[in-house]
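Have a look at the structure first.

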Amino acid sequence: MTAARTGDTGRMIQLLAPDSIRDAEAALLPHGSRTAVIGAADVAAETTHFRDRIRAASRLAVNGRPMYVIAPGGHPFATIGISTAGGRVTRITLRLTRADDRFEALEPLTAL
C-alpha cells in the first residue's frame with residue numbers, strides 16, 4: 001500500500017506477481033474502465049489513477065479478514081482486499097461495502 005499511495009510504480013511491479021489481477025466493481029471505476037486488469041505493469045500503472053482513494057484507506061478487519069477500507073467522512077464506501085502468494089501480491093479486489101459488512105480494528109497494526 002505504501003508503493004500505491006506514493007505512486008511508486010517500479011516498487012509496485014516488484015511486489016506484484018507477473019500475472020497479478022486487479023478486479024473491481026464497475027460502480028467504483030470511471031465509466032468505460034475495465035473491471036479487471038491483468039499483469040504487474042498494467043495493475044501498477046492503473047493503480048496510480050486511484051492514489052487519492054488509496055491514501056484515504058485505513059486497515060481494518062472486514063468480516064474477519066484484513067482489508068483496507070475507503071471511508072470518506074468516516075462512512076465506509078469500499079474495501080480493498082489484497083491476496084498474496086510466495087511473498088507477492090496476486091490479486092487486488094475492490095468492492096462496495098455492504099450493509100451486512102462487519103468492521104473491526106486490527107491489533108496490532110502491521111503492513112500487509
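This is a predicted model: local features need pLDDT of at least 70, side-chain atom pairs count only at pLDDT 80 or more; totals for chains, interfaces and linings use all residues.

**The pocket**

The largest pocket has a volume of about 660 Å³. A pocket here is an open set of points on a 1 Å grid over the protein atoms alone, where a 1.4 Å probe fits, with protein on both sides within 12 Å along at least five of seven lines; lining residues have an atom within 4 Å of a point. Points are joined across faces, edges and corners, and the volume is the space filled by probe spheres set on them.

Elements giving two or more residues to that lining include α1 (2-6), α2 (9-15), β1 (16-24), β5 (78-85) and β6 (88-96). Helices (H or I, at least four residues) and strands (E, at least two) are DSSP runs, numbered from the N terminus. By class, the lining has 20 nonpolar, four polar and six charged residues. Ala, Val, Leu, Ile, Met, Phe, Trp, Tyr, Cys and Pro count as nonpolar, Asp, Glu, Lys and Arg as charged, and the others, Gly among them, as polar.

**Helix α3**

In α3, the residues A40, V43, A44, E46 and T47 are buried. They sit on the same side of α3, because they cover an arc of only 170 degrees around the axis (taken from the directions from the helix axis to the C-beta atoms). Buried means under 20% relative accessible area, exposed over 50%, and partly exposed in between, with a 1.4 Å probe and protein chains only. The cover over the buried residues of α3 includes α1, α2, β1, β2 (36-38), α4 and β6.

**The whole chain**

Overall there are four helices and seven strands, running α-α-β-β-α-α-β-β-β-β-β along the sequence. The radius of gyration is 13 Å, close to the 13 Å that the globule rule gives for 112 residues, so the protein is as compact as a globular protein of that length. That radius is taken over C-alpha atoms, and the rule is 2.2 Å times the number of residues to the power 0.38. Of the 112 residues, 35% count as buried.

| Residue | Location | Relative accessible area |
|---|---|---|
| N63 | loop between β3 (57-62) and β4 | 33% |
| T79 | strand β5 | 1% |

N63 has a phi near 55 degrees, a positive value in a residue other than glycine. Most residues other than glycine have a negative phi. Leaving out residues up to four places away in sequence, N63 touches R95, D100, D101 and R102, where contact means heavy atoms within 4.5 Å. N63 and R102 are 39 residues apart in sequence and 4.9 Å apart in space, C-alpha to C-alpha.

T79 is buried, and its contacts, again not counting residues up to four places away in sequence, include V62, M67, T93 and R95.

Notes:
Residues are numbered from 1 along each chain as its sequence is written. Side-chain values use heavy atoms; hydrogens and water are left out.
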